Amino acid sequence: MNAETRMRVNENGRVVIPASYRKALGIKAGDEVILRLEDDELRITTMRRRIERAQRLVRKYVKPGTSLVDELIAERREAAKRE
């Protein structure tokens, strides 16, 4: 896949996302995409990709074998006992 391509905007302001880009992002017909302006550029992503990015970021700060879900449940149970 090319890292960059040129596209034309049609009269309705639409741009077609090339198939290779859709495939790389896992976008299928009817899927919702997220558009964001960042540093004068338009970025297109999906919620799934955002979640994956967040998980990678968090993983850097969590020790291997640690379950954040189990920790959250334990904290909630302790808080419920104090109420």
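**Largest pocket**

I looked up the lining of the largest pocket first: 24 residues line it, and I17, Y21, L42, R43 and I44 lie nearest its centre. The search runs on a 1 Å grid over the protein atoms alone; a pocket is an open set of points with protein on both sides within 12 Å along at least five of seven lines, and lining residues have an atom within 4 Å of a point. The model is predicted: local features need pLDDT of at least 70 and side-chain atom pairs pLDDT 80 or more, while totals for chains, interfaces and linings use all residues. I count residues from 1 along each chain as its sequence is written, and side-chain values use heavy atoms, without hydrogens and water.

I noted a volume of about 840 Å³ for the largest pocket, the volume being the space filled by probe spheres (1.4 Å probe) set on grid points joined across faces, edges and corners.

I then asked which elements supply the lining. α1 (19-25), β1 (34-38), β2 and α2 each give at least two residues, and the largest share, 5 residues, comes from β2. Helices (H or I, at least four residues) and strands (E, at least two) are DSSP runs, numbered from the N terminus. By class, the lining holds 14 nonpolar, 2 polar and 8 charged residues; Asp, Glu, Lys and Arg count as charged, Ala, Val, Leu, Ile, Met, Phe, Trp, Tyr, Cys and Pro as nonpolar, and the others, Gly among them, as polar.

**T46**

I found T46 in the loop between β2 (41-45) and α2 (47-59). T46 counts as buried because its relative accessibility is 7% (buried is under 20%, exposed over 50%, with a 1.4 Å probe and protein chains only). The T46 side chain reaches the backbone nitrogen of R49 at 3.1 Å. Beyond its neighbours within four places in sequence, T46 is in contact (heavy atoms within 4.5 Å) with L25, I27, E32, V33 and I34.

**Loop between β1 and β2**

I checked phi here. D39, in this loop, has phi near 50°; D40, also in the loop, has phi near 60°. Most residues other than glycine have a negative phi. D39 is exposed at 69% relative accessibility, and D40 is exposed at 82%.

**Whole protein**

I read the element order from the N terminus as α-β-β-α-α. The radius of gyration is 20 Å, well over the 12 Å that the globule rule gives for 83 residues, so the protein is more spread out than a compact globule. That radius is taken over C-alpha atoms, and the rule is 2.2 Å times the number of residues to the power 0.38. Buried residues make up 6% of the 83.

Key. A polar contact is a pair of N or O atoms within 3.5 Å; within protein, one must be able to donate a hydrogen and the other to accept it, and residues adjacent in sequence count only if both atoms are side-chain atoms.
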